[in-house]
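Here are some notes for a first reading of this entry. Please keep the sequence and the 3D view open while going through the points.

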Amino acid sequence: TASFTTTAANGNMDLTSLAVTGDIDVHTNGTSGHVILTNATGIDFAAGGSEVGGDLTLVATTDNISDTGALTVDGTSSFTVSAAAADITLDLLETMGGAITLSAQNTTGTASLSSSDDLTIAGAIVDGTLSVTATGSITVNGQMNTSANNGTVTLTANGAGNDITLA
C-alpha cells in the first residue's frame with residue numbers, strides 16, 4: 001500500500017516510476033494540484049478514497065485500474081491500461097469535475113465507470129466493451145471507439161431528469 005499527499009497548497013505530484021503492488025491513495029491540497037501517476041503494475045485506489053484538486057493522469061502498465069475506495073477529481077482525468085486484457089473498472093467515482101479520457105487498447109480490455117454524480121467523457125478508445133453509468137447526467141463530447149473487437153458502448157443516466165448528451 002502506498003499513500004501520497006502534497007503538503008504545499010496546489011502542489012503537483014509526478015509519480016511516473018512507481019512499482020506499488022498494493023492499494024494506492026493520492027491527495028492534493030488546494031484546488032489545482034495535479035497528479036501524474038504511472039505504476040509498473042495495476043492501480044487500485046485504496047478504501048480510504050483519493051481526492052485530487054487538479055487533473056489526474058494514470059497509467060497502469062501491466063494490470064488493471066480499479067477502485068476499492070471513492071475517487072474525486074476536480075479537473076480532467078485520463079485513465080490508461082497497457083497490458084493485454086487489462087481493464088479499467090471505476091465504480092466508486094464521486095465528483096468528477098472535468099472531462100474523462102479512457103484508453104484500453106489491448107486486445108480485449110474493457111472500461112466501466114460508475115458515478116454518483118454527472119460524468120463527461122472527452123474520448124474513449126476501448127478494445128472491448130465500454131459501460132458508463134451515472135446518477136446524474138452523462139455528456140460525451142469526444143470520440144468513443146470500441147471497434148477493434150466489435151465491442152459495445154452502454155450509457156445509463158439514472159434518475160428523473162438526467163440526460164445523455166452526445167455532442
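Predicted model: local features only at pLDDT ≥ 70, side-chain atom pairs only at ≥ 80, totals over all residues.

1. A term is needed before the rest: a residue is buried when its relative accessible area is under 20%, exposed when that area is over 50%, and partly exposed in between.

2. Now the overall picture. The protein chain has 19 strands and 0 helices. Its radius of gyration is 15 Å, close to the 15 Å given by the globule rule for 167 residues, so the chain is as compact as a globular protein of that length. Along the principal axes, the C-alpha atoms fill a box of roughly 40 × 35 × 25 Å.

3. How much of the chain is buried? Of the 167 residues, 43% count as buried. The chain exposes about 7100 Å², and carbon and sulfur atoms supply 47% of that area.

4. Contacts along the sequence deserve a line of their own. Among contacts in the protein chain with a separation of 6 or more, 15% are between residues 24 or more positions apart.

5. Which strands does strand 15 pair with? Strand 13 (residues 111-115) pairs with strand 15 in the parallel sense over 5 bridges.

6. Strand 2 runs parallel to strand 4 and is joined to it by 4 bridges. Strand 7 (residues 56-60) pairs with strand 4 in the parallel sense over 5 bridges. V35 takes part in both pairings: V35 is the bridge partner of M13, and L56 in strand 7 is the bridge partner of V35.

7. Is T72 buried or exposed? T72 lies in strand 9, residues 71-73. Its relative accessibility is 13%, so T72 counts as buried, the cut-off being under 20%. Leaving aside residues up to four places away in sequence, T72 touches S50, E51, V52, E94 and T95.

8. The loop runs between strand 17 (144-145) and strand 18 (153-157). T146 counts as buried because its relative accessibility is 10%.

9. N10 is a residue other than glycine, yet its phi is positive, near 60°. N10 is found in the loop between strand 1 (2-5) and strand 2 (13-18), and at 33% relative accessibility N10 counts as partly exposed. A85 is not a glycine either, and has a positive phi of about 65°. The loop that holds A85 is between strand 10 (77-81) and strand 11 (88-96). A85 has a relative accessible area of 42%, so A85 is partly exposed.

Conventions: Residues numbered from 1 in each chain as written. Heavy atoms only, no water. Helix = DSSP H or I, 4+ residues; strand = E, 2+ residues; numbered from the N terminus. Rg over C-alpha atoms; globule rule 2.2 N^0.38 Å. Buried < 20%, exposed > 50% of the residue type's maximum accessible area, 1.4 Å probe, protein only. Contact = heavy atoms within 4.5 Å. Areas by Shrake-Rupley, 256 points an atom, 1.4 Å probe, with all protein chains shown as cover. Pairing = 2+ DSSP bridges.
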